[in-house]
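Student: I have this model open and want to go through it piece by piece. Can you take my questions as they come?
Tutor: Go ahead.

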Amino acid sequence: MNNPSSSRFTAQFDANNQEFSLSGVLRPHSVAELADDLALLRNGIETVNGVCYINLKRVIHMNNTAFRALTHALLDATRSRPDLKLTVVASSVVAWASRLFRHLSDLSPNIAVEIYDSAFYPGQTFVENQSFIPILRTQTKMTWRHEREILPRHGLREGLHIADICCGIGDFAMLLRKDFKPARIVALDHSVTSLEYARKVADDFDVQDIEYTYGDASQMLFESDQFDFVTCRHSLQIFDRPDILLRELYRICKPGGRVYITNEKNSHCLGEPRADSIQWTYNEVAKLFAHFDMDVEMGPKGRRMLLDAGFKDVRMESFMVTNLDGDPQDFADIITAWRNVYADEMAVRRGDSAAFIERFKQGFADHIFAALHPRGYAGWPIWASSGQKPL
């Protein structure tokens, strides 16, 4: 159902999922403007049993008129259908949502409110550890030596409209801006801490043309067909539903534009000397991440995933970040950060034994030894893939 004037939104009821959903901007001047939509809600509620879901994840703005009207409709429903549970699913991406809708639970025991993006993926607490920020900068510095040469082969050039999704601390967006001079660049992430850091760095360098945006990559509020080039690096591998993210990347990309993704295959991290210990540890890293529903073996799967998502002209290549890419200590610092998070936090959370953790840590120590050894070699493999959205 489409709505005119200052309200630009749609309302739908899905009987199969027992879900009433709203999306867009709700700024009605009067409740009368919502009459058809409220009738759709009421009629839908009368047809369902058990739980009815009120999906507000794609609502960008809702004024008080709309909020009061929806609240009254939901409270009326709990009185007319005391056997029914109503679950309102809102998003913290829109700041007012959690603040306003949490009160509904106080008004009726039959109304539950879920802020669905309070934890975006099972391993979020590990990979968004604030102490990880300095090492993320080092990682980007080391991968950029390779990606700066790779990106043009995947269609990146000056003057494009670019979106960097799951931008983290924003360092990759800064490099894109500097070397590829986009007409527009938007950088989106759901980590408030990371975005605060990114904005501070931008302020320090007087960079005002990167649009840092708080949002959920699986339910972005961007309009469809908006960007010429969309990047999403090292992120699909840490979400438990990467297919959902790929659909959103596809949606916001313009027809003829390209989506560029990078992912790892951690079991292929290597080092010499002490190769056997290193290989054992990184095989265990892959298993550890899988325990938390993350797939750090995703790298070579990129081509298939892009094709399955509907992209064409899929391009794929891999590169190895090594201790020879600049200062070997930089690579050693990255491995140290991995050890601290993977062994001291994730393995402990999984409940691993002290003996296992000790052996696990030894593999990281041996990888550091290989990175710093004057005749040593240490590597971290990454796969870069891109696909074109059909015209």
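Student: Where does UniProt place the methyltransferase domain?
Tutor: The unreviewed UniProt entry puts "domain: Methyltransferase" at residues 162-257. UniProt positions are given in the numbering used here, feature names are shortened, and annotations may be inferred rather than shown by experiment.

Student: What is the helix and strand content of residues 162-257?
Tutor: The span is 35% helix and 28% strand, and its end C-alpha atoms lie 10 Å apart. Helices (H or I, at least four residues) and strands (E, at least two) are DSSP runs, numbered from the N terminus.

Student: What should I know about the model and the numbering?
Tutor: It is a predicted model: local features need pLDDT of at least 70, side-chain atom pairs count only at pLDDT 80 or more, and totals for chains, interfaces and linings use all residues. Residues are numbered from 1 along each chain as its sequence is written, and side-chain values use heavy atoms, with hydrogens and water left out.

Student: Now the open sheet. What is the strand order?
Tutor: The order is E1-E2-E3-E4-E5, five strands with mixed pairing. Two strands pair if DSSP finds at least two bridges between them.

Student: Which strands stand at the edges?
Tutor: Strand E1 (8-14) and strand E5 (111-115) do; each has a single partner strand, so one side of each is left without a neighbour in the sheet.

Student: And E4, how does it pair with E5?
Tutor: E4 (residues 85-90) runs parallel to E5, with five bridges between them. Val 89, for one, has Glu 114 in E5 as its bridge partner. Strand E3 (residues 51-62) is also parallel to E4, again over five bridges, and Val 51 is partnered there by Lys 85 of E4.

Student: Is E4 mostly covered or open?
Tutor: Mostly covered, with five of its six residues buried. Buried means under 20% relative accessible area, exposed over 50%, and partly exposed in between (1.4 Å probe, protein chains only).

Student: Change of topic. How many salt bridges are there?
Tutor: The structure holds 24, each being a side-chain nitrogen of Lys or Arg within 4 Å of a carboxyl oxygen of Asp or Glu.

Student: What does Lys 141 pair with?
Tutor: With Asp 330, at 3.1 Å from N to O. Lys 141 is in helix H6 (residues 133-150) and Asp 330 in helix H12 (residues 328-350), so the pair ties together parts that are 189 residues apart in sequence.

Student: Are those two buried or partly exposed?
Tutor: Lys 141 is partly exposed at 41% relative accessibility, while Asp 330 is buried at 13%.

Student: What about Glu 211, which residue does its side chain meet?
Tutor: Arg 184, in a salt bridge of 2.9 Å, N to O. Glu 211 is in strand E8 (residues 210-214) and Arg 184 in strand E7 (residues 184-189), 27 residues apart. Glu 211 is partly exposed at 34%, as is Arg 184 at 23%.
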